[in-house]
Amino acid sequence: MTELPGSVEPLALAVCRLGLDPTRGVLRHPHQVGIAVRAALFTELAGAGRLVGIHYPEVIGESDTGDPLPDALHRAVAGRRPTAWRRWYGHVEADRRAATDGLVAAGRWRQEGRRLVDEDPASTVLQQQRVAELLLDAKQAPDTLELTLLVLLAGGHGAGSRRPGPRRSRRLAKPWLQQRASGHGGDATLAALVGAFRAMRRADSIPSLSR
């Protein structure tokens with residue numbers, strides 16, 4: 001079994017990386033990938049006790065912890081009036097670009113013009129296949145909360161697939177998180193995921209957003 005990314009790679013970067021088509025050097029569904037990256041950052045904030053909220057996100061504490069991606073989202077929520085979860089996924093290009101830059105800076109990707117070159121494409125393809133396998137065998141959540149979130153978000157944005165799969169991910173989110181997310185900002189985490197999967201479905205109905 002190919003191991004999926006763990007603590008060595010931040011969740012948002014792993015989610016973004018699994019959206020790449022290594023052969024073509026492009027993200028298969030860039031808007032959905034951006035949505036998934038933002039949702040990953042929300043779950044990171046919730047798990048760290050820096051964000052709560054069922055109907056809309058509410059931040060707790062300071063925005064400057066030295067972790068640039070979640071800190072930027074924390075500041076954005078802090079600077080905006082209460083806004084429903086679904087409205088946080090309309091403009092996600094900055095999150096996707098930040099994750100892409102992070103993968104390049106980490107040496108996992110290389111930018112060649114408009115093409116993104118994966119330095120370990122075979123591993124990426126195997127991990128995309130593993131995501132699909134875990135989603136098909138949906139009787140039990142994956143072994144850890146981080147892996148559960150990765151599989152749901154990567155499966156939602158269509159990792160390794162011709163079409164995004166937010167419906168299946170949304171259907172599995174509640175039972176899987178009930179098994180894994182207790183005491184880890186579970187309410188806000190579930191709300192963030194449900195909002196993301198709804199946004200992915202809307203984007204999939206607009207072809208220009210899904211390319």
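1. Let's start with Asp118, which at 6% relative accessibility counts as buried (under 20% relative accessible area with a 1.4 Å probe, protein chains only; exposed is over 50%, partly exposed in between). Its partner is Arg108: the two side chains meet in a salt bridge, 3.2 Å from N to O (a side-chain nitrogen of Lys or Arg within 4 Å of a carboxyl oxygen of Asp or Glu). This pair links distant parts of the chain, with Arg108 in the loop between α4 (93–105) and β5 (109–112) and Asp118 in strand β6 (residues 115–118), ten residues apart. Arg108 is buried as well, at 19%. Helices (H or I, at least four residues) and strands (E, at least two) are DSSP runs numbered from the N terminus.

2. A word on the source: this is a predicted model, where local features need pLDDT of at least 70 and side-chain atom pairs count only at pLDDT 80 or more, while totals for chains, interfaces and linings use all residues. Residues are numbered from 1 along each chain as its sequence is written, and side-chain values use heavy atoms, leaving out hydrogens and water.

3. Arg130 is buried at 19% relative accessibility, whereas Glu133 is partly exposed at 44%.

4. Do look at Arg75 and Asp64 too, whose side chains meet in a salt bridge of 2.9 Å, N to O. Arg75 is in helix α3 (residues 68–78) and Asp64 in the loop between β4 (58–59) and α3. Arg75 is partly exposed at 41%, and Asp64 is exposed at 63%.

5. Across the whole structure, the search finds ten salt bridges.
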